[in-house]
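Here is my note on the model you asked me to look over. Please read the points with the coordinates open.

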Amino acid sequence: QSQLVESGGGLVQPGGSLRLSCAASGFTLDYYVIGWFRQAPGKEREGVSCISSSDGSTYYADSVKGRFTISRDNAKNTVYLQMNSLKPEDTAVYYCAAARISIWSVQAMCLRKIFASWGQGTQVTVSS
């Protein structure tokens, strides 16, 4: 059974860092685009960052550029999201998702949320 499992969320003070992990099981991430999305209470789910497992192309939302870094370890079948300089507005449930590489660009897939498989989410709270 294909599954995505997120981990690494928690409570952190403003300016702090967290690293989220998205581990895939039941399938390999080769030829997939993996995305990180977040949803705050009362807000729509938004694409934070996405990466292609084949060529490493990436997309970042403007709100996280320069602070977040997405990376992949195909050998571990895992994608990471390093989050630095965290702000209270980064507080949300973070989800990872996977979709097979298609004709859509990584950016388009991330913006349109064209993903078939989703994890259960991990809470990130940035507060003093």
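Predicted model: local features only at pLDDT ≥ 70, side-chain atom pairs only at ≥ 80, totals over all residues.

1. Disulfide count and pairing. There are two disulfides. Number the bonded cysteines of the protein chain in sequence order, and the pairing reads 1-3, 2-4. The bonds are C22 to C96 and C50 to C110.

2. C22 and C96. The two sulfur atoms sit 2.1 Å apart. That is a disulfide because the cut-off is 2.5 Å. C22 belongs to strand β3 (residues 18-25), and C96 belongs to strand β9 (residues 92-100). C22 and C96 are both buried.

3. C50 and C110. Here the S to S distance is 2.0 Å. The torsion about the S-S bond is 80°, and the link is right-handed. C50 lies in strand β5 (residues 46-52), while C110 lies in helix α1 (residues 106-112). The bond therefore ties together parts that are 60 residues apart in sequence.

4. N77. Where does N77 lie? Its place is the loop between β7 (68-73) and β8 (78-83). Is N77 buried or exposed? N77 has 13% relative accessibility, so it counts as buried. The cut-off for that class is under 20%. The side chain of N77 reaches the backbone oxygen of F27 at 2.7 Å. Leaving out residues up to four places away in sequence, N77 touches C22, A23, A24, F27, T28 and L29. C22 in that list is a partner in the disulfide with C96.

5. Salt bridges around R38. How many salt bridges does the structure hold? It holds four. R38 takes part in a salt bridge with E46, with the closest N and O atoms 2.6 Å apart. R38 also meets D90, at 2.9 Å from N to O. R38 is in strand β4 (residues 32-39), and D90 is in the loop between β8 and β9. That pair therefore ties together parts that are 52 residues apart in sequence.

6. Exposure of these partners. R38 is at 6% relative accessibility, so it counts as buried. D90 is buried as well, with a relative accessible area of 1%. E46 is at 33% and so counts as partly exposed.

7. The side chains of K65 and D62 meet in a salt bridge, 3.2 Å from N to O. K65 counts as exposed because its relative accessibility is 52%. D62 is at 65% and therefore also counts as exposed. Elsewhere, salt bridges that share partners join R38, E46, R67 and D90 into one network.

Technical notes. Residues numbered from 1 in each chain as written. Heavy atoms only, no water. Helix = DSSP H or I, 4+ residues; strand = E, 2+ residues; numbered from the N terminus. Buried < 20%, exposed > 50% of the residue type's maximum accessible area, 1.4 Å probe, protein only. Polar contact = N/O pair within 3.5 Å; in protein donor to acceptor, adjacent residues only side chain to side chain. Contact = heavy atoms within 4.5 Å.
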